Structure formats: structure tokens, C-alpha cells
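Reader: I would like to learn how to read features off a structural model. Please take me through one.

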Amino acid sequence: MNAIFTDDYAELVDLLIEARLAAGLTQRALARRIGKVQSHICAIEQRQRRVELLEFYIIARALDLDPVDLFGRAAARFDGLRGPAFAPLNRPQSERLSA
């Protein structure tokens, strides 16, 4: 399944929309801040365009938000979709990927 059609991605987009609205910005104003046109933001918000990591960072900064904090909020939503059974951080060290 294409990533933009998953529940996780819907949660990410919803969070970005909420953050934009909380910042009091229109799609056009956010687009200007990141050097894009309004249709670019619209495509993201309509789940027609995927947000890459660097673009997520740029959008967060344009919203005057800490990208790490914003991603933490997104991760909490992702975890909420999976419930308590999904707990990768609770795996034994031997089962975790090494950095």
C-alpha cells in the first residue's frame, strides 16, 4: 500500500494541519514561508503528496515549532494507532537494531 494512504500518514497530515491552523497560517502563508506555492501545501494536506523528512523539518521550523517535538507528537499518535501491544522500545536490547 502506498504510504500516503495509511492511517499513520493520515495522522501525520492531521497533525501538520492542526499545527498550521494553531500558528494562524493559511496554506498560502505557509507555502510562502517554505518557498513553495499554495498548491504544494494543499497536495500535502489532501494526502496527494508525501512529506519527506527534510521537508517535515522545514515545515516545522516555518510553523515556529521544534521539529523534534512535533515528530514526538506524531510518534505518540502512531503508537496510539497500534495500542499497547506495539512496544518496540520495550524489546530486549539483543532484538533492537544497532545504530
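The dialogue below goes through the helices, a cavity, a surface patch and some loop residues.

Author: This is a predicted model, in which local features need pLDDT of at least 70, side-chain atom pairs count only at pLDDT 80 or more, and totals for chains, interfaces and linings use all residues. Residues are numbered from 1 along each chain as its sequence is written, and side-chain values use heavy atoms, with hydrogens and water left out.

Reader: How many helices and strands does the chain have?

Author: Helices (H or I, at least four residues) and strands (E, at least two) are DSSP runs, numbered from the N terminus. Here there are five helices and zero strands, in the order α-α-α-α-α.

Reader: What percentage of the residues count as buried?

Author: Buried means under 20% relative accessible area, exposed over 50%, and partly exposed in between (1.4 Å probe, protein chains only). Of the 99 residues in the chain, 30% are buried.

Reader: Which residues line the largest cavity?

Author: On a 1 Å grid over the protein atoms alone, a cavity is a set of points where a 1.4 Å probe fits but cannot get out; lining residues have an atom within 4 Å of a point. Grid points are joined across faces, edges and corners, and a volume is the space filled by probe spheres set on the points. One cavity of 30 Å³ or more is counted, and the largest cavity holds about 60 Å³. Its lining consists of Val-13, Leu-16, Leu-30, Ile-41, Ile-44, Glu-45, Ile-59 and Leu-63. Helix α3 (38-45) and helix α1 (7-22) each supply at least two of the lining residues, and α3 gives the most, with three.

Reader: Which residues form the nonpolar patch on the surface?

Author: Patches take residues with over 30% relative accessible area and no salt bridge, like charges being joined within 9 Å and nonpolar side chains (Val, Leu, Ile, Met, Phe, Trp, Tyr) within 5 Å. A salt bridge is a side-chain nitrogen of Lys or Arg within 4 Å of a carboxyl oxygen of Asp or Glu. Accessible areas come from the Shrake-Rupley method with a 1.4 Å probe; for residues, only the protein chains shown count as cover. Leu-54, Tyr-57 and Ile-58 make up the patch, together having about 300 Å² of accessible area. Tyr-57 sits in helix α4 (residues 53-62).

Reader: Why does Tyr-57 count as partly exposed?

Author: Because its relative accessible area is 40%.

Reader: Where is Asp-64?

Author: Asp-64 is in the loop between α4 and α5 (67-82). Its phi is near 60°, a positive value in a residue other than glycine.

Notes: 1 Å grid on protein atoms, 1.4 Å probe; cavity = no way out; pocket = protein on both sides within 12 Å on 5 of 7 lines; lining within 4 Å.
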